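Today I opened a new structure and went through it step by step. Here are my notes, written so that you can follow along.

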Amino acid sequence: MLIVKYRKIFYALTTLLILASIGSIAIFGLNFGIDFTGGTIVEFSYEGDVPTKERIDTQLGGLGMGEHSLRASGESGFILRTPELSEEARQDMIEALAFDGEFEVLQERVNTIGPVIGNELKNKALVAIVIVVFAIILFVAFAFRKVSEPVSSWKYGLIAIFALLHDILIPVGVFALLGHYVGSEVNVLFVTALLAILGYSVNDTIVVFDRVRENLKQNRDLHRKEDFELTVGKSLTQTYTRSVNTSLTTAFALLTLFFIGAPATQDFALVLLVGIIAGTYSSIALATPLLVTWAGKEVK
């Protein structure tokens, strides 16, 4: 009930989060991975002694293979992103990373994608997100088609979509910041995580909306007049435990994947974790209070 009563405070907090995310994207931009830009990504590690990142950077710079980015992965590993490399150029690079036998280097993973395929993946990713959003609008409109008082069913749908936009904007903003400072990339796994967040978040929001709907129906059946704000606050109270516990169990699994999983899946786990936290917050502190705000003077 406190969240509904003091909803303006949460609206202000939400506005700050959204503005911070938009600002992060505008200032830093997104660091698109080779999935979208084309190129070669090589993950390698060292057995025994490990050269410094600065020394590896200098060695790679002398190969004349164009602009590259190098990111540490674990205690002895690195992830290298370069323009598209031929097999011969890649072998030369691995030999160079051994520093004339001074270090023992192991190639863990190699992925190469051409620029044409990268652009095609980017377009398909955008289409996939748009299709999912429209599918969610249709689903919410259908699920709440019998709800008309005091908030029309289509308003439930629009509020759910607004909450979803918040839920994907926050992780995108976070990754714009991380891409600038630690080299986190936007790749196919990132898009997959956003799609998963859309599905998870709308499910969480609908659970609360459904409780509101059930309480409204119960009031109508019992001929009980109850303030809409009170009904919404009561519905939130009845779903707090479910929402928080579900998110916590998911978060624990993602934290495990982030800390002890493979380096290739760490960013995937992180974007999911940020998105699920944002989704749980928006379901409780944004979407549901917006019902009361939108109901306005019609609430009795």
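**Entry 1: the whole chain.** I began with burial: 44% of the 300 residues of the protein chain count as buried (under 20% relative accessible area, with exposed meaning over 50% and partly exposed in between, using a 1.4 Å probe and protein chains only). Keep in mind that this is a predicted model, where local features need pLDDT of at least 70, side-chain atom pairs count only at pLDDT 80 or more, and totals for chains, interfaces and linings use all residues. Residues are numbered from 1 along each chain as its sequence is written, and side-chain values use heavy atoms, leaving out hydrogens and water.

**Entry 2: parts list.** I found 10 helices and four strands in the protein chain. These are DSSP runs numbered from the N terminus (helices are H or I with at least four residues, strands are E with at least two). Along the sequence I read the pattern α-α-α-β-α-β-β-α-β-α-α-α-α-α. The radius of gyration is 24 Å, well over the 19 Å from the globule rule for 300 residues, so the chain is more spread out than a compact globule. That radius is taken over C-alpha atoms, and the rule is 2.2 Å times the number of residues to the power 0.38. The C-alpha trace spans about 85 × 35 × 30 Å along its principal axes.

Entry 3: In what order do the four strands lie in the open sheet? I read 2-3-1-4, with antiparallel pairing (two strands pair if DSSP finds at least two bridges between them). Strand 2 (69-73) and strand 4 (104-113) are at the edges with a single partner strand each, so one side of each has no neighbour in the sheet. From one strand to the next, the twist averages 20°.

**Entry 4: strand 1.** I then followed strand 1 (residues 39-47), which pairs with strand 4 over nine bridges. Thr 40 is opposite Thr 112, and Phe 44 has Gln 107 as its bridge partner. With strand 3, strand 1 makes six antiparallel bridges, and there Ile 41 faces Arg 81. Is strand 1 mostly covered or uncovered? Mostly covered, I noted: eight of its nine residues are buried.

Terms used: Axes fitted to C-alpha atoms, helices over the stretch in contact; angles between N-to-C directions.
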